Amino acid sequence: MATEESYPEDLRYHPEHDWARIEGEEATLGITWFAQDSLGDVVFFDPPEVGATIAKDEPYTEVESVKAVSDVIAPLSGEIVAVNERAGTNPELINTDPYGEGWMVRIRLGDPGEADRLLDAAAYRDLVAD
Amino acid sequence: MSGADVNPPATAAVPTPMQRERATTIFERSVPGRRAAAVPPSGVPGGDRPIDELIPAALLRREPARLPEVSEPEIVRHYTRLSRRNFDLDSGIYPLGSCTMKHNPRLNERVAALPGYARLHPAQAPARAQGALELIWSLERALSEVCGLPHVSLQPSAGSHGELAGLLLTRAFHADRGEGEIRTRVLAPDTAHGTNPASVTMAGYEVVKIATDGRGGVDLDDLRAKTDESVACLMLTNPNTLGLFDPNIAEITATVREAGGTLYYDGANLNAIMGHSRPGDMGFDIVHVNLHKSFSQPHGGGGPGAGPIAVSDRIEPFLPVPRVERVEGAGGNGAGATRFDLRDEAEHPRSIGRLRGFQGNFGVFVRAYAYILSLGADGLAEASETAVLNANYLLARMREGRTGRYLPLAFDRRPMHEFVLSGSGAKRELGIKTLDLAKRLLDHGMHPPTVYFPLLVDEALMIEPTETETRESLDGFAAAVEAILAEAEEDPEIARRAPYTTPVRRLDEAGAARNPVIRQALD
């Protein structure tokens, strides 16, 4: 079962229901509690290639749930430096721990200024409340 | 009619006999030496010699085939038992959105079983299969009239196959005009059937999603912004998967046509408009018709179906071969009579070729033609009218009471033959998801509607009752949903753990997808 609804204060959010944990010149990305709850049980996650370049607002991978296959939108641009292979073999981690063990990729930021255009936890909480 | 006969969950801890029984394969029933039939001795002179004297060694099996060895009553029991584990249209309402689960008239079955149709070999020479070819030709003409497009091919064997055919035709059309290289993108609205983007990808095109506007139609600004000389085709369903007829359809098709693209109509929802409006008149070039939906065939579970395509004059040269042609006779008897023949690439050099073996699922053609003739043109129009009336009646019932409160209409416009409710209220206020409601409906002896589609509606329920449900049946469905919501107000756990009375209880769908078991050992 999934965790309780939460949107940690230390993350930045994209309106397409993705989060970014920015640490210096790198960021870890994943999907939010709201996204995994809407998708339902995630059954397939194919981690992208390390070294690939991703662009803000564009899809960088897909997740498949019992309901549908959905694009995962990049909240920030950059180059992938690590992927969560464990979530590839255990896709339920995306449901049970979306901000922890269910992370998707780690990137080297292409344009650190982009982070200013993401939402903070309060603004994202308002967005999903509608 | 529902509610009282629903098994109370207090007894759910006691499995029913069917729940206790593990479904078996026919191989598990096999006992060496058992047979369903005794083969009589050969009457052919010399036929009683050992088989290795009759057939060359190279053509003989080294080991016997692994076939189940079962008596005839055991075979009958096995398949009867399996069929009882299934829910079917002959058991109750089956309101799957965009699947048009209408009653299959038994008259169609009688006609399809006539030996002249049922026992005809597909390799029979055209001269000896004139009746079958005439039926194919006549069905093509009838579908042409329904679609408002002059040319038809019955080759595609499913809606998705028709889509692929339409995209291959689009590719051939652009290549013929020297634009094959530049036209790389296909537009499809975000409400499109999942098969549309899949077919686009399979045909080697890139999918571009068009947004839905606030009224549930194509967002015209988004369409104009994305329409340019790189667009090969627009794929559209109208009415769309929200059950809404797009009032801007003429402008939509004109926009893409002026940019040089072809226009593809997904006929999944044709049951809403037969005899009232025609895709050809709306400006479409290519239409697929699901004979198994709109023209009443037993379907589900993989077929057989048929997805014929109707096309405009500019697409016609590329249609698949062989094509059935009517050759007018000179009059009089014998050689002068009208006949039907098959034409291949020699006569149609720009054809995209064959899409399958032989002529298609012929039994499906016979049933569809019997359906069309038995209803007639007025009857088809009335079928669509009644389908729309039934959907709107059911919607009116479902806007009352708890259903109206917890399951509101997703886009508040008058729908055609189907409508989409949002279960977000039930999820938020009652703590039951659309999936729970769907599972609980099974305990009421009803098949649930389509759930979680279209994707843009949260917790969607997509309901298409069809014209063949009675008012009592529609009332019963509305009452069952209302009863489930009333029950959930008292105890949502009942729906969350449903179903209770089905051959199997709640299945682990996520587990099945994550760790599929797709091989069954023979022993």
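Strand 4 of chain A and strand 6 (residues 59-65) of chain A pair in an antiparallel manner, through three bridges. One facing pair is A:Phe45 and A:Val63, the latter in strand 6 of chain A. The model is predicted.

**The six-strand sheet of chain A**

- Chain A also has an open sheet of six strands.
- The strand order is 1-2-3-9-8-5, and the pairing is antiparallel.
- Strand 1 (12-14) and strand 5 (53-54) of chain A are the edge strands, each with pairing on one side only.
- Within chain A, strand 2 (residues 18-23) and strand 3 (residues 26-31) run antiparallel and are joined by six bridges.
- A:Ile22 has A:Ala27 as its bridge partner in strand 3 of chain A.

**Domains of chain B**

- Chain B is divided into domain 1 (9-88), domain 2 (149-316) and domain 3 (377-514).
- The centres of domain 1 and domain 2 of chain B, taken over C-alpha atoms, are separated by 44 Å.

Two packed helices are described by the angle between their axes and the distance between the axes.

*Helix 13 with helix 17*

- Helix 13 (residues 362-398) and helix 17 (residues 471-490) of chain B pack at about 30 degrees, and their axes are 10 Å apart.
- Angles under 35 degrees count as roughly parallel, so helix 13 and helix 17 of chain B are roughly parallel to each other.
- The crossing of helix 13 of chain B past helix 17 of chain B is right-handed.
- Helix 13 of chain B contributes B:Asn390, B:Tyr393, B:Leu394, B:Arg397 and B:Met398 to the contact.
- Helix 17 of chain B contributes B:Leu474, B:Asp475, B:Phe477, B:Ala478 and B:Val481.
- By class, the residues of this contact between helix 13 and helix 17 of chain B are seven nonpolar, one polar and two charged.

*Helix 6 with helix 13*

- Helix 6 (residues 130-147) of chain B crosses helix 13 of chain B at roughly 55 degrees, and their axes come within 10 Å.
- Helix 6 and helix 13 of chain B are therefore oblique to each other.
- This crossing of helix 6 past helix 13 of chain B is left-handed.
- On helix 6 of chain B, the contact residues are B:Ala132, B:Leu135, B:Ile136, B:Ser138, B:Leu139 and B:Ala142.
- On helix 13 of chain B, they are B:Phe362, B:Phe365, B:Val366, B:Ala368, B:Tyr369 and B:Ile372.
- The contact of helix 6 with helix 13 of chain B has eleven nonpolar residues, one polar residue and no charged residue.

*Helix 7 with helix 8*

- Helix 7 (residues 159-176) and helix 8 (residues 195-202) of chain B pack at about 45 degrees, with 9 Å between their axes.
- Helix 7 of chain B passes helix 8 of chain B in a right-handed crossing.
- Helix 7 of chain B brings B:Gly159, B:Ser160, B:Glu163, B:Leu164 and B:Leu167 to the contact.
- Helix 8 of chain B brings B:Thr195, B:Asn196, B:Ser199, B:Val200 and B:Met202.
- The contact residues of helix 7 and helix 8 of chain B divide into four nonpolar, five polar and one charged.

**Where the chains meet**

- Six residues of chain B contact six residues of chain A.
- On the chain B side, four of these are nonpolar, two are charged and none is polar.

**Backbone details**

- The peptide bond from B:Val321 to B:Pro322 is cis, and its omega is near -5 degrees.
- B:Pro322 sits in the loop between strand 7 (309-311) and strand 8 (323-327) of chain B.
- B:Ala498 and B:Pro499 are also joined by a cis peptide bond, with omega about 5 degrees.
- B:Pro499 lies in the loop between helix 18 (492-496) and helix 19 (509-514) of chain B.
- A:Asp57 is not a glycine, yet it has a positive phi of about 75 degrees.
- A:Asp57 is placed in the loop between strand 5 and strand 6 of chain A.

Terms used:
Residues numbered from 1 in each chain as written. Chains lettered and ligands numbered in written order. Predicted model: local features only at pLDDT ≥ 70, side-chain atom pairs only at ≥ 80, totals over all residues. Axes fitted to C-alpha atoms, helices over the stretch in contact; angles between N-to-C directions. Helix = DSSP H or I, 4+ residues; strand = E, 2+ residues; numbered from the N terminus. Parallel < 35°, antiparallel > 145°, perpendicular 65-115°, else oblique. Left-handed = near helix turned anticlockwise from the far one by under 90°. Contact = placed C-beta atoms within 7 Å. Nonpolar A, V, L, I, M, F, W, Y, C, P; charged D, E, K, R; others polar. Pairing = 2+ DSSP bridges. Domains from an automatic or database assignment.
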